[in-house]
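Welcome! Please take a moment to look over the sequence and the 3D view, and then follow the notes below topic by topic.

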Amino acid sequence: MHDIKFLRANADLVKQHLANKNIQDGVALVDEVLQLDEQRRNALFEVEQLKKQRNEASQQVAKLKKSGEDATQIIEETRHLGDRIGALDADAREVDAVLATRLLEIPNVHAPDVPIGAVEDDNVEVRKWGEIPQFSFEPKPHWEIGENLRIIDFERGAKISGSRFYVLRGAGARLERALITLMLDVHTQQHGYEEILPPFLVRPEAMTGAGVLPKFGEDAYHVERDDLWLIPTAEVPVTALHNEEILDVAQLPIKYAAYSACFRSEAGAAGRDTRGLIRVHQFNKVELVKFVAPEYSYDELEKLTRDAEVILEMLELPYRTVEHCTGDLGFKATKAYDVEVWLPAQNTYREISSCSNFEAFQARRSGIRYRPLDENGKAGKPEFVHTLNGSGLAIGRTMAAILENFQQSDGTVRIPAALRPYLGGLESIS
RNA sequence: GGACAGGUGGCAGAGUGGUCGAAUGCGGCAGUCUCGAAAACUGUUGUGCAUGCAAAUGCACCGGGGGUUCGAAUCCCUCCCUGUCCGCCA
């Protein structure tokens, strides 16, 4: 969410950035909000004048009654005032509600150094790591490997829950659990994150604060009866951890690593990645979330991205890191990197982590603040923190990458050395 | 799910219709005292919004929302949360 004052003062800049982000109705959205804002301020000014009159009249009544005098005349006169205030207040509230919703729907601006571009192809590769494996045979896609080894059961997943669901069994289930544990261990023991295990169902406020609602409700699952949402990522509950709090500046940066199951309806994704573990309704992920002082947020983004990359290096998986161009940045981020792992059977890199700086976009929605220190070390007025997050990593896609990259001609899969301690020393799945 | 009891400033805790944004205590900040510190004493100490260049002024906020009233922290409705007991349950 934008600061309305910033929007008022920088409407043209915001419009330009939305155009850079390839947002079609950006100009109209900004103009509508500015108009609503003016309406709201006019209504507010009028109603506040009337309230002032009413407050003064009420104090008169109090004085008269105290001295035992008759106040019926003032009470009579003020009664109409109350009706008008009520009506104007209702108008102002209505405008305010529309304004708040519209404001929540305006995408974030982008950082000045983000490459301008329209689509994914304009993203810029910033790093590449690892050797792309050469096979003496035609590498199989991970879903075939998984089914042959009887560690992934897509058919029964569909029987139980429908398409885009799967069942892990035996070594597959254990591998999934090992990956979760390894990632949490590395992030907590080597990268300084605190481990969080959050609720998987959250209130609408948490979804709104993180930026999923009101615009992207279609992509998530909603439990009607209790008005709770299944989290599409641990980002939602972990970001909400500090909603409406003023954080102690000495604690910043706050860094959390959270495992959760993630639930996505994948509405509008029909026909895309229909096979395998790449695009499913329920998957596991270890998510990294940071709350930082604004001046450090871009440094922290670089570190966060590195924290994700390190996991792939430990697992010996080749990857590249690309920076999103403006057109691919999405709704919330001012700057973002995707870490993409090599998938041999698809002969391409696929996103396995997306690391973003949101600046104050989420913090403003969620009321997450801190008191910056002045040059004398004294605490000042509360200001919004910057929030960042990134996958560290998506577990299902990591499993897919392991199966495809380390498959052998005999159909077995080699387990990378770093993972073996988490699998009781297992060196390959056969 | 049922029955009670609660939710007030950073914390503790008064306040049951009229200068209550809110007593008091603790904490924080500044000052006095001191070589320095502690103690003591004095002062100060919330957030958001609007108008304004500013100083300032106004409005709102006592869990959220709505209502009654000239006037609500205080009364009513509703939702949420916490505690206790009962029921159910991993």
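Let's start with one pair of residues: L247 stands opposite Y370, which belongs to strand 14. Keep in mind that you are looking at a predicted model. Chain A has an average pLDDT of 93, and 100% of its residues score at least 70. For the complex, the predictor gives an ipTM of 0.86 and a pTM of 0.93.

**The sheet around L247 and Y370**

- Strand 8 and strand 14 (residues 368-370) run in the parallel sense where they pair, over three bridges.
- Both belong to an open sheet of three strands, ordered 8-14-15, and its pairing is mixed.
- Which strands stand at the edges? They are strand 8 (245-247) and strand 15 (383-384); each has a single partner strand, so one side of each lacks a neighbour in the sheet.

**The nonpolar cores**

- The largest nonpolar core holds 83 residues.
- Within this core, the residues with the most contacts are I231, V236, V341, L393 and M399.
- Leaving aside residues up to four places away in sequence, V341 touches L312, L317, Y319, Y349, R350, I352, R397 and A401.
- There is also a second, separate core of nine residues, and V33, L36, A92 and V95 are among them.
- In soluble globular proteins, nonpolar side chains tend to be buried together.

**The surface near RNA strand B**

- How many residues surround RNA strand B? There are 20, and the closest are S58, V61, A62, T78 and G82.
- Two elements give two or more residues each to this surface: helix 3 (26-66) and helix 4 (72-105).
- Helix 3 supplies the largest share, with 13 residues.
- By type, the residues of this surface divide into nine charged, seven nonpolar and four polar.

**A closer look at G327**

- Where is G327 found? Look in the loop between strand 11 (319-323) and strand 12 (335-343).
- Is G327 buried or exposed? G327 counts as buried because it has 22 C-beta neighbours inside 10 Å, and the cut-off for buried is 20 or more.
- Not counting residues up to four places away in sequence, G327 touches K21, N22, G117, A118, V119 and D122.
- G327 and D121 are 206 residues apart along the chain, yet their C-alpha atoms are separated by 9.8 Å.

Technical notes
Residues numbered from 1 in each chain as written. Chains lettered and ligands numbered in written order. Predicted model: local features only at pLDDT ≥ 70, side-chain atom pairs only at ≥ 80, totals over all residues. Core = buried A, V, L, I, M, F, W, Y, C linked by C-beta atoms within 7 Å. Buried ≥ 20, exposed ≤ 12 C-beta atoms within 10 Å, placed from the backbone. Contact = placed C-beta atoms within 7 Å. Near = placed C-beta within 6 Å. Helix = DSSP H or I, 4+ residues; strand = E, 2+ residues; numbered from the N terminus. Nonpolar A, V, L, I, M, F, W, Y, C, P; charged D, E, K, R; others polar. Pairing = 2+ DSSP bridges. pLDDT = per-residue confidence, 0-100.
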